[in-house]
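This report describes a protein model together with its ligand. The sequence and structure are shown first.

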Amino acid sequence: MQPIVRLSGIGKTYGAGETAVSALVDAELDVFPGEVLLIEGPSGSGKTTLLSILGLLLRPSAGTMSVHGRDVGKMRESELAAIRASVFGFVFQGFNLFPALTALENVSYPMRLKGTSVKSPEAEARRLLELVGLGERMKHLPADLSGGQKQRVAIARALGGDPPVILGDEPTAALDSKTALAVMELLGSLAKQHGRAVVVVTHDPRLERYADRVVRVEDGRVLAPERPSQRTSLAGHERHAA
Ligand SMILES: Nc1ncnc2c1ncn2[C@@H]1O[C@H](COP(=O)(O)OP(=O)(O)OP(=O)(O)O)[C@@H](O)[C@H]1O
Ligand SMILES: [Mg+2]
């Protein structure tokens with residue numbers, strides 16, 4: 001199976017000279033369609049850096065990277081922006097919703113801005129909010145929604161334009177544990193139903209039960225990035241151990 005994203009020998013150094021920080025060293029990682037990939041590791045280990053590179057928000061300092069088989073290393077910013085908008089949906093810890101916009105507007109506006117091929121962003125936003133179970137809350141402002149509901153709006157927004165990869169940086173960290181598991185289950189089901197890849201950075205090992213694969217990042221190194229042939233047995237093992 002061809003990966004959607006392939007990172008090979010990826011390194012990232014912030015700053016220069018004496019204050020240079022080597023945040024990522026020689027990272028290898030493939031993201032496959034339909035999988036839920038969890039990225040775990042201690043604070044400061046390089047998880048956000050890895051996810052940002054994966055989502056084309058940050059350029060690596062070393063290594064090669066391809067998206068749908070195309071080398072993105074030498075692309076101009078405008079080309080990267082187009083791939084970023086069509087391939088990746090982002091979900092963040094703090095939801096990042098516009099406070100003055102309703103749930104419906106929070107989902108439909110970015111679709112308009114992205115210039116996706118969606119004919120009616122508003123109709124599509126309604127469909128997505130129903131998909132995440134918020135059909136009854138579309139006209140509410142974020143302030144009038146619970147944490148889990150806000151995060152579901154953010155997930156609906158990330159799904160706008162139907163990107164093949166959803167990236168989440170600690171998307172459940174601001175939620176209570178029951179809601180966190182529900183949000184993770186939703187992300188997992190979205191991957192299973194639509195052949196999407198879902199990549200989630202987390203500190204919470206309880207989310208492992210929803211993952212096909214768990215990768216650890218320690219001290220800027222991605223540990224044991226296994227290939228898909230090993231995937232089933234590894235996921236089974238980790239589920240068992242959990
Ligand atoms: N813009 C930056 N400039 C300089 N150093 C940075 C920058 N961003 C991150 N770093 C450093 O790079 C390393 C990795 O940071 P990163 O944010 O990727 O870690 P993380 O695993 O996401 O941590 P956390 O779990 O706390 O979010 C850390 O040592 C951090 O201090
Ligand atoms: Mg982080």
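The model is predicted: local features need pLDDT of at least 70, side-chain atom pairs count only at pLDDT 80 or more, and totals for chains, interfaces and linings use all residues. Residues are numbered from 1 along each chain as its sequence is written, chains are lettered from A and ligands numbered from 1 in the order in which they are written, and side-chain values use heavy atoms, with hydrogens and water left out.

## Ligand site

Ligand 1 is surrounded by 13 residues, of which Ser 43, Gly 44, Lys 47, Thr 48 and Thr 49 are the closest; a residue is near a molecule if one of its heavy atoms lies within 4 Å of it. Sorted by class, this shell holds 7 polar, 4 nonpolar and 2 charged residues. In this classification Ala, Val, Leu, Ile, Met, Phe, Trp, Tyr, Cys and Pro are nonpolar, Asp, Glu, Lys and Arg are charged, and the others, Gly among them, are polar. Both β2 (21-31) and α1 (47-54) supply at least two residues each, and α1 gives the largest share, 3 residues. Helices (H or I, at least four residues) and strands (E, at least two) are DSSP runs, numbered from the N terminus.

Polar contacts are pairs of N or O atoms within 3.5 Å; within protein, one must be able to donate a hydrogen and the other to accept it, and residues adjacent in sequence count only if both atoms are side-chain atoms.

| Residue | Protein atom | Distance to an oxygen atom of ligand 1 |
|---|---|---|
| Ser 43 | polar side-chain atom | 2.6 Å |
| Gly 44 | backbone N or O atom | 2.7 Å |
| Ser 45 | backbone N or O atom | 3.2 Å |

Taken alone, ligand 1 exposes 640 Å², and the protein buries 59% of that. Accessible areas come from the Shrake-Rupley method with a 1.4 Å probe; for residues, only the protein chains shown count as cover.

Asn 106 belongs to helix α3 (residues 103-114) and counts as buried because its relative accessibility is 0%. Here buried means under 20% relative accessible area, exposed over 50%, and partly exposed in between (1.4 Å probe, protein chains only). A polar atom of the Asn 106 side chain lies 2.7 Å from the backbone nitrogen of Phe 98. Leaving aside residues up to four places away in sequence, Asn 106 touches Leu 97, Phe 98, Leu 101, Pro 142, Val 153 and Arg 157, where contact means heavy atoms within 4.5 Å.

Glu 35, in the loop between β2 and β3 (36-40), is also buried, at 0% relative accessibility. A polar atom of its side chain lies 2.9 Å from the backbone nitrogen of Phe 32.

## Positive phi angles

Most residues other than glycine have a negative phi. His 68, although not a glycine, has a positive phi of about 50°. His 68 is placed in the loop between β4 (62-67) and β5 (70-71) and is partly exposed, at 46% relative accessibility. Glu 170 likewise has a positive phi of about 50°; this residue lies in the loop between β7 (165-169) and α6 (177-194) and is buried, with a relative accessible area of 15%.

In helix α2 (residues 77-87), the buried residues are Leu 80, Ile 83, Arg 84 and Val 87. Seen down the axis of α2, they fall within an arc of 105°, so they line one face of the helix; the arc is that of the directions from the helix axis to the C-beta atoms. Their cover includes β4, β5, β6 (88-92) and β7.

Helix α4 (residues 121-131) has Pro 121, Glu 124, Ala 125, Leu 128 and Leu 129 buried. These residues fall within an arc of 135° seen down the axis of α4, so they too line one face of the helix. They pack against α3 and α5 (147-159). Gly 133, with a positive phi near 80°, follows α4.

## Two further positions

Ser 117 is in the loop between α3 and α4 and is exposed, with a relative accessible area of 76%. Val 183 lies in helix α6 and is buried, with a relative accessible area of 2%. The C-alpha atoms of Val 183 and Arg 152 are 7.1 Å apart in space, while the two residues are 31 apart in sequence. Beyond residues up to four places away in sequence, Val 183 touches Gly 148, Gln 151, Ile 155, Thr 172 and Leu 175.
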